[in-house]
Amino acid sequence: MSRRKDNYGNSRYYKFRRWFDGDIDLLEGVTEVTLPGEDKSGTGTGTAAASDRPAQAEVRKAAGTDRTGDISALEARRRASEETYGPEVWPQRETVDYAQWRRHAQELLDARIHPAGADAAHTASEASKGGGGAEGAGGSGASSPEPLVRGMKIFQRFYMVMSVILCALIIGVFLWTTVHLPPFGSADNPANNEVPTRYIESGVAETGAINFVTGMILDYRAFDTFGESCVLFIASCCVLVLLRIDASSGESRARSRGPQEDDRLFEPKNDVILQRAAFILVPLILVFGVYIVLNGHLSPGGGFSGGAVLGSGLILYLNAFGFAKTERFFTEKVYRRVTLCALTFYCLAKSYSFFTGANHLESGIPLGTPGAILSSGLILPLNICVGLVVMCTMYAFYTLFRKGGM
Amino acid sequence: MKVFEILLLVSLIVCAVSVAVIRDLLTSIIIFMSYSLIMCVIWVLLQSPDLAITEAAVGAGVTSILFFVTLKKIRAIRREEDRDEQA
């Protein structure tokens, strides 16, 4: 799903991650911040501190201009400042021994998995390192092994007991609530107030849709449905951000992993049974989806259900015949254009309808005869829009999960 | 009809519990699919065919497929595949 390779090398996050992994050192003598008084371990006089400050300012300025990492010029400038102001004393930074931390974490894990043999292992490692590793864990339990293991046991038991109690509590609350719900299908339920009465009695006359569920969703409460479509679109965008694989890096990774590990190379499995079944089923499914979308105002269904059916049909087609066939008509460009057009049309049409119709002005859109396919004003185009958005979202979900792109 | 409804509801509860209990992820997803199908029939019985269509397409179709793809990606159902290839 990518047109060009992103150059992440300059991004701050990438730099931070490499610094976190220990590959590079961001503070390599460039942006070191020194506190006054701390840096004068050797020469410690006021005049020296005053003379040292412009040097550091210069170095910092150099760091600001030479973002790309021109170390040699920086080094030369630092050497020049050293010649004029004398040798600089850089403060000692605290170094972290990650290997030691890891060893200590492994010990803690061992102590948890094998509580019996933990004593010997822990004391042995303690003796070998002179108690150096135990300081990292903090708390009272880390200083000696015995309270640590016991604390973990106590915590585990507490956790089990509390989870069971919490589960029982939630189940009890739900059951208690269910008992107090009004009976199913009763006429004097609180849900049967004036709102559904209005929808049922004058829904057909006001919206022109025989299926007044659709009339309710796409006319009285069209703004909610617009929000739903936007939620779907945002969800697909989030999946895109999370699962997208860059084209060039994905290929290089596929080459390095080999054909066995990467199923993208074997995408069409050429399963004859699946292909014959899809050959018969996919047209039926797609036609059924289109029927549901177009007949949303006449029969059960509508944009969301029809779009989901269409998306499922496309996914079946993709599974049977592979990405090469679907990419002829459904690429990222098509996805973006269709989704944007549908959402924009929905937004514009509904805002027009709201602004003109909500104040009891004439909206100017004829409702037509109820029951005809070209009736009920804006509901049919809005159904088509919602159906397109849902279809694209379902298909995009699948392709993103499958290969990290479209 | 009453017996059919009770049967559906009981199997719904059985499916819901066993999805959480069963350890094998593949089996659990298939039970989840059957849960969605039962729910779809229940929606039809509750006279809301709109929801039934959506449940069948999204719950039993797309969601389960996404689960399958994820399991395959994290190599949780790779063993089955190897057995297929050896056979």
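In chain B, 40% of the contacts between residues at least 6 apart in sequence join residues at least 24 apart; two residues are in contact if their C-beta atoms, placed from the backbone, lie within 7 Å. The model is predicted: local features need pLDDT of at least 70, side-chain atom pairs count only at pLDDT 80 or more, and totals for chains, interfaces and linings use all residues. Residues are numbered from 1 along each chain as its sequence is written, with chains lettered from A and ligands numbered from 1 in the order in which they are written.

Chain B has four helices and zero strands (DSSP runs of H or I, at least four residues, and of E, at least two, numbered from the N terminus). Its pattern along the sequence is α-α-α-α. Of its 87 residues, 21% are buried, that is, have 20 or more other C-beta atoms within 10 Å of their own.

The contact between the chains takes 17 residues from chain A and twelve from chain B. On the chain A side, helix H12 (303–321) and H15 each supply at least two residues. H12(A) gives the most, with seven.

H15 (residues 379–403) of chain A packs with H3 (residues 49–73) of chain B: their axes, lines fitted to C-alpha atoms over the stretch in contact, come within 9 Å and cross at roughly 10°. H15(A) is therefore roughly parallel to H3(B) (angles under 35 degrees, between N-to-C directions). Here A:Met394, A:Phe397, A:Tyr398, A:Phe401 and A:Arg402 meet B:Val62, B:Ile65, B:Leu66, B:Val69 and B:Thr70.

Definitions and conventions. A residue is buried if 20 or more other C-beta atoms lie within 10 Å of its own, exposed if 12 or fewer, and partly exposed in between; C-beta atoms are placed from the backbone. Axes are lines fitted to C-alpha atoms, for helices over the stretch in contact, and angles run from 0 to 180 degrees between N-to-C directions. Angles under 35 degrees count as roughly parallel, over 145 as roughly antiparallel, 65 to 115 as roughly perpendicular and the rest as oblique.
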